[in-house]
There are 2 protein chains.
Amino acid sequence: MARKASLSGFPEWLPEERLIELHVLGVLQRTFELHGFSSIETRAVETVDHLLRKGEIDKEVYAVSRLQADEASASESGLALHYDLTVPFARYVVENAGYLAFPFRRFQIQKCWRGERPQEGRAREFTQADIDVVGDGVLPFRYDVELALAVVEALGALPIPDFTLRVNNRKLAEGFYRGIGLADTAAVLRSIDKLEKIGAEKVGLLLRDEVGADDHQVRLALDLAGICTPDTSFVERVRALGVTNDLLEEGLEELRQVVGEAARRAPGRVVADLSIARGLDYYTGTVYETVLNGHEGLGSICSGGRYDALARKGNRTFPGVGLSIGVTRIVSRILSQGFATVSRSVPTAVLVTLADDESWSQAQDVASALRGRGIPAEVAASAEKFGKQIKFADRRGIPFVWFTAQDGSHEVKDIRSGDQEAADPASWSPPAEDLHPVVATA
Amino acid sequence: MARKASLSGFPEWLPEERLIELHVLGVLQRTFELHGFSSIETRAVETVDHLLRKGEIDKEVYAVSRLQADEASASESGLALHYDLTVPFARYVVENAGYLAFPFRRFQIQKCWRGERPQEGRAREFTQADIDVVGDGVLPFRYDVELALAVVEALGALPIPDFTLRVNNRKLAEGFYRGIGLADTAAVLRSIDKLEKIGAEKVGLLLRDEVGADDHQVRLALDLAGICTPDTSFVERVRALGVTNDLLEEGLEELRQVVGEAARRAPGRVVADLSIARGLDYYTGTVYETVLNGHEGLGSICSGGRYDALARKGNRTFPGVGLSIGVTRIVSRILSQGFATVSRSVPTAVLVTLADDESWSQAQDVASALRGRGIPAEVAASAEKFGKQIKFADRRGIPFVWFTAQDGSHEVKDIRSGDQEAADPASWSPPAEDLHPVVATA
């Protein structure tokens, strides 16, 4: 990313950068489909009322209105661009409940918009890739485990450094706080959320001032937040704090299942991290956050959790669990750090040269024969000297150029090695690794 | 499309409908890449100034603004959602000219927004798939031929009825009108554009009233508009009208090349249609429109043309030629007319059943082994009776269910035929046609 976006917060990629983004999107889509998730898209706009139901983000929302609104369009006012894919998905589930089979597994890869101050890792227009499972009335807890494993598999297939999926559980936290006599869970979480920023001492002061915690309560709350284990040993460490509460027990058991299964299937990639506070406020059980190891400052690249009621329709409740991958955040970092390379910048594998202007139609026949067998080919722009046409291919990274002699015989040249051989447009193929641009980890 | 969009003009698809849209998008992307076009995306927003440069569409534009704008965001005002992909592409070319190799071939598949009155075939949010070639200073005419052939190939691979690509040429029309003494080309075109709607007689009156044409001029203008040939015979028919003009000759020769080459390579799919007026106003040479045969009322499903100056940067001019496919318009029609079917509504090929709740982890091992070999698999939601689990698969169209016995042996059942056989998760594969949902022409 040598270039700067011409509109701050709205990144655009060059063709070779876009190939890396397409690779990332392809890996995610393939992985989600292998896990049985169906693709859906929702409209870019929601009603402002629906968007703001979750509260506290009104300043970040982009409103949409007809440039020259008249009376006829008054009914349209109150629209805004979606800022995530969860809120639109909840609406989609309610509207289409009669057409969906539950538990419904869906993935959704779309742009979102937030009017926040742009910074590295935080754009105003960005692509999210979400997977969720939503049930009708009930949703077995095991999906909390399954979805964690699906995203670990998806992220693990991307050209990025190692990452850590940090998991916590709202029941565990809330049960623990209640167990030590702190009833205002939201207020405690707001304080704990500042741990990384202001440190334990100042968080302790906050807990005293804003929640009215005493020394013992502060110590226990901070002790809990200090627990982070790559396996199920967090259970014993929480128990050692001597707090008992039914909700706490439920949360401990849920988190034990997620982390235990993950430690077995994806060792080293999932930790129980009881300091995670952000998100606990929205979710009702499991909560996930993901950091790129060594790039913690980038923020979470994949977050989510469990909602007891993702959506409601009359008496019906639709519980859900899901995660959202920050595609633009990940691709920006891949590009700025050079984590990946692409073998060429265009899809074309073969440039069919022109001996003279009259041979254009014949050259199209050759290109057409190659395309018919799945080989991306284009015809040279004009019948310049062959040297110029080869240079044209070279500048784009097109590996092969094709020559047709006046007697109708064909030759193809690998412009990297200089090797040239007789070839038949009906049967010649490039090596498999040259057929399409290949993205590799740098 | 039994369902109605919950917000008029903003269609959303069910998962099985989305599979058909994904098929259409996949066909387009593959065809474009085979022809050497690079994928790019541009941001959804442009400055209002840039969007309105082409004029006359201000009422259709959706403005975007922060919901709670403050002083800090004042600089953001003046943004709007793009209504096509040509205007954003022109900006992208100018901004990135130093990083692109010309002639630059790009495809771009994105949502666009227009605040028009919704009707069948006209949504407020819709996906366009554009291909363009843009040159630096010059762009050989042959790209006008090549792009027509590329879209004919792309559209021909879609599950839609036969279509006709209608081609005209601005130079031909303008030269002809000048040749008969009508200098106000734009005004003549505005009248001719109404031919289909109001008929020849009323267009004649318009030409008299608004352009000041005499009987002879009216007759010639209408004669020209009446010419429509599936081959190059239009040339003789125009010449038979006895009008001479240099620009007319240039236009005749260009159109002859497009239609001649197309008649040879895609017989019956391209016609020279000299009644096409809409578009001539914007473009400077070739103009394309495409109708689905028998569905002319739907409007054009693919339009475009040649710009002598798609973009300018100081003294530099970037000529371009391109076409834009109306994906949402096409997909809506495929769905409403049942032109295509999909073999199932979910990606999953195999449902791994649960003998009891304790076997969940073992079932995940089976699913994981299948996925590792590219077979989409999911594990049943809960250990209900096998009959219920099979019904769960059946409702989704999942063709295979997997059973693991207590002794660790495996069997897989094709729930359509009822056939059940021993199977090994490390080697069993479904028939190729059952691996993924297959979209077929109905």
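Predicted model: local features only at pLDDT ≥ 70, side-chain atom pairs only at ≥ 80, totals over all residues.

**Entry 1: the chain B and chain A interface**

I began where the two chains meet, and the rule finds 14 salt bridges across the interface of chain B and chain A. I counted a salt bridge when a side-chain nitrogen of Lys or Arg is within 4 Å of a carboxyl oxygen of Asp or Glu. Helix α1 (residues 15-34) of chain B gives the most to the side that touches chain A, with six residues.

Residues are numbered from 1 along each chain as its sequence is written, chains are lettered from A and ligands numbered from 1 in the order in which they are written, and side-chain values use heavy atoms, with hydrogens and water left out.

Back to the interface: 86 residues of chain B are in contact with 86 residues of chain A, contact being heavy atoms within 4.5 Å. The two chains bury about 7,800 Å² between them, with 52% of it on carbon and sulfur atoms. Buried area here is the accessible area (1.4 Å probe) that two parts lose on being put together, summed over both. I also found 48 residue pairs in polar contact between chain B and chain A, both at pLDDT 80 or more. A polar contact is a pair of N or O atoms within 3.5 Å; within protein, one must be able to donate a hydrogen and the other to accept it, and residues adjacent in sequence count only if both atoms are side-chain atoms.

I picked out one salt bridge by name: the side chains of B:E12 and A:R91 meet at 2.7 Å, N to O.

Buried means under 20% relative accessible area, exposed over 50%, and partly exposed in between (1.4 Å probe, protein chains only).

**Entry 2: B:E46**

Next I looked up B:R91 in the other chain, and found the side chain of B:E46 in polar contact with its side chain (2.6 Å). B:E46 lies in strand β2 (residues 45-47) of chain B and, at 0% relative accessibility, counts as buried. Not counting residues up to four places away in sequence, B:E46 touches B:L51, B:G78, B:L79, B:A80, B:H82, B:P88 and B:R91.

**Entry 3: the annotated binding site**

Which positions does UniProt mark as "binding site"? The unreviewed entry lists A:D84, A:L85, A:T86, A:R114, A:Q128, A:D132, A:R278, A:Y282 and A:Y283. UniProt positions are in the numbering used here, feature names are shortened, and annotations may be inferred rather than shown by experiment.

I checked two of these tyrosines. A:Y282 sits in the loop between β9 (270-273) and β10 (286-292) of chain A, and its 44% relative accessibility makes it partly exposed. A:Y283 lies in the loop between β9 and β10 of chain A, but at 16% counts as buried. Leaving aside neighbours within four places in sequence, A:Y283 is in contact with A:R170, A:G304, A:G305, A:R306 and A:Y307.

**Entry 4: the domains of chain A**

Chain A is divided into domain 1 (15-342) and domain 2 (350-441); the bounds come from an automatic or database domain assignment. Their C-alpha centres lie 48 Å apart. The contact takes eight residues from domain 1 and five residues from domain 2. The area buried between the two domains is about 510 Å², with carbon and sulfur atoms giving 66%. On the domain 1 side, A:H23, A:T341 and A:V342 lose the most area, together 54% of what that side buries.

Methods: Helix = DSSP H or I, 4+ residues; strand = E, 2+ residues; numbered from the N terminus.
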